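Let's learn to read aromatic rings in a protein model together.

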Amino acid sequence: MSDSMPPPTILAWFRANHRPLPWREPGVTGWQILISEIMLQQTPVSRVVEPWTQWVQRWPAPSDMAAESVGEVVRAWGKLGYPRRAMRLHECARALAERFDDIVPSDVDTLLTLPGIGDYTARAVACFAYGQSVPVVDVNVRRVVARAVHGRQHPGSPARRDLAETQALFPLAADGSPAPETPTFSAALMELGALVCTAREARCEFCPLEPTCEWVRLGRPEHDPPARKVQKFEGTDRQARGRLLDVLRGTSGPVERSALDLAWERDPGQRARALDSLLVDGLIEVTDDGLFCLAGESG
């Protein structure tokens, strides 16, 4: 284990400084943690708390969501962005209800068989819902490891070695196995990267690792960040898709094409392209009489 990453120090910091997020409360189910992980993909925590709270009250078990139309789940997704996540979560709910008796599996390999569940989400659910000692690596964890262990200001591109490097930092029990507090340690690394060791500002004066951090020891040298595309939103196909979906989310039944035309008037070609992509993705449907509606609501 690296001396630059002392687990007792990080765990003590986390106990004193972690955010009181609702999915961290005792008694939260694997299903409810799975919902939080899907919502948190590419979405800030502050935007997730309210819809997550509403969703776990409305759909406390996978079968509750599976009983709804996919369109209703997309409608409830609201402004969280990337609505295909909602559609895939509905697929996942159906699989959990039909194949797993409403119980979210606890091991990574089985979780990966579920619709819409990738490697990160599977590991996060196994770790945070079931206490599995598996490495969970997001951009915040990679940044903390890059600075504290490797002395680099920015992490490189994601790689499989990130999992092994993070697992090597786990606190160990007397017999050399991962200690029981390993899931808390994983959460603490994420929290440290989200609140203190951020991409925009390294607040080293508040960091529990400052005395042993390799980057601090080297004098906080600046490195060029990895090339990153800045995604604009205004005027994009993604914005056009969102406007069209807003029309359908705001109605209880199918609408005529003219209602969608009014939602995006700046570029008819772009509007047609966005509409086609929503149909291809299965987010919306066309009724027998040529009206448009959310998926599962044409009948």
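The dialogue below looks at ring pairs and at charges over rings.

Q: What should I know before I start?
A: This is a predicted model, where local features need pLDDT of at least 70, side-chain atom pairs count only at pLDDT 80 or more, and totals for chains, interfaces and linings use all residues. Residues are numbered from 1 along each chain as its sequence is written, and side-chain values use heavy atoms, leaving out hydrogens and water.

Q: How is a pair of aromatic rings described?
A: By the distance of the centres and the angle of the planes. Rings of Phe, Tyr and Trp (its six-membered ring) pair if their centres lie within 6.5 Å; planes under 30 degrees apart are stacked, over 60 edge-to-face, and the rest tilted.

Q: How many aromatic pairs does a search of the whole structure find?
A: The search finds 3. In one of them, the centres of W23 and W52 are 5.6 Å apart and the planes are at 75 degrees, so the pair is edge-to-face.

Q: Are W23 and W52 buried or exposed?
A: Both W23 and W52 are buried (under 20% relative accessible area; exposed is over 50%, partly exposed in between, with a 1.4 Å probe and protein chains only).

Q: What about W55 and W59?
A: They pair edge-to-face, 4.9 Å centre to centre with 90 degrees between the planes. W55 has a relative accessible area of 2%, and W59 has 1%. Together with W77, they form one aromatic cluster.

Q: Which charged end sits over the ring of Y82?
A: A charge sits over a ring if NZ of Lys or CZ of Arg is within 6 Å of the ring centre and within 35 degrees of the ring normal. Here it is the charged end of R238, 4.1 Å from the centre of the Y82 ring. Likewise, the charged end of R147 sits over the ring of W215, 5.0 Å from its centre.
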